[in-house]
Amino acid sequence: APRTFENSKAINLLAIGRLVHKKGFDLLIEAVSELAKSFSLSLNIVGDGQERTTLGNLVKKRNLSDYVRLSGWSDDVGGLLDNADIFVLPSRDEPFGIVCLEAMARGVPIVATRTQGPREILDERSAVLVDVNSSSALEAGIAKSMSSPQDTYKLADVALNLCRENYTPDVVVGQYAELYTRLIQDSR
């Protein structure tokens, strides 16, 4: 059966990364403070870093302790993704995002900022992409995803297929082999 969160009590949002300014978790917390007024949801921010205290204080200030969890580092990214309804990448700056690929590979819908990494692997047919450095853009993108689960999972299916076509080990190893062969031929 296709995955869906239409029947779930609270929609589980997941974000993963170092707790530093460029990752934009403060913007995501601000977005959730608005979304929590209209949606039943929870946000798990997985990671650690220098902004942990600041982010914890923001959660308290916005009265979001019932909605937002800062759960520290985890090695079980797969398990976390399997329990997530939507993966959110709120970065102000993001090179190639491995965690985006992991979400794609597990069929988890993605809301991401239009930063370099996500734009290399995702587009409007495979994810909800939003403006960088804007909590209201994140809020709108997440609301759009939560409001139309069927459309959201269509995007996730496209992302899963993109991942299978472009980023499975066989494909990547094949691309490296071609590259090395070309480099060797060019150097002769």
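In this predicted model, the largest pocket has a volume of about 210 Å³. Its lining is made up of 14 residues, and those that lie nearest its centre are Asn-12, Leu-13, Ser-42, Asn-44 and Arg-69. Two or more lining residues come from each of the elements β1 (11–16), β2 (41–46) and β3 (68–72). Sorted by class, the lining of the largest pocket holds seven nonpolar, five polar and two charged residues.

| Helix pair | Axes come within | Crossing angle |
|---|---|---|
| α4 (residues 98–105) and α7 (residues 149–166) | 8 Å | roughly 110° |
| α1 (residues 25–35) and α2 (residues 52–61) | 10 Å | roughly 10° |

The crossing in which α4 passes α7 is left-handed. On the α4 side the contact is made by Leu-101, Met-104 and Ala-105, and on the α7 side by Ala-159, Leu-160, Leu-162 and Cys-163. The residues of this contact comprise seven nonpolar, no polar and no charged.

For α1 and α2, whose axes cross at roughly 10°, the two helices are therefore roughly parallel to each other, since angles under 35 degrees count as roughly parallel. Here Phe-25, Asp-26, Ile-29 and Glu-30 in α1 meet Leu-55, Leu-58 and Val-59 in α2, and the residues of the contact between α1 and α2 divide into five nonpolar, no polar and two charged.

Terms used: Residues numbered from 1 in each chain as written. Predicted model: local features only at pLDDT ≥ 70, side-chain atom pairs only at ≥ 80, totals over all residues. Heavy atoms only, no water. 1 Å grid on protein atoms, 1.4 Å probe; cavity = no way out; pocket = protein on both sides within 12 Å on 5 of 7 lines; lining within 4 Å. Points joined across faces, edges and corners; volume = space filled by probe spheres on them. Helix = DSSP H or I, 4+ residues; strand = E, 2+ residues; numbered from the N terminus. Nonpolar A, V, L, I, M, F, W, Y, C, P; charged D, E, K, R; others polar. Axes fitted to C-alpha atoms, helices over the stretch in contact; angles between N-to-C directions. Left-handed = near helix turned anticlockwise from the far one by under 90°. Contact = heavy atoms within 4.5 Å. Parallel < 35°, antiparallel > 145°, perpendicular 65-115°, else oblique.
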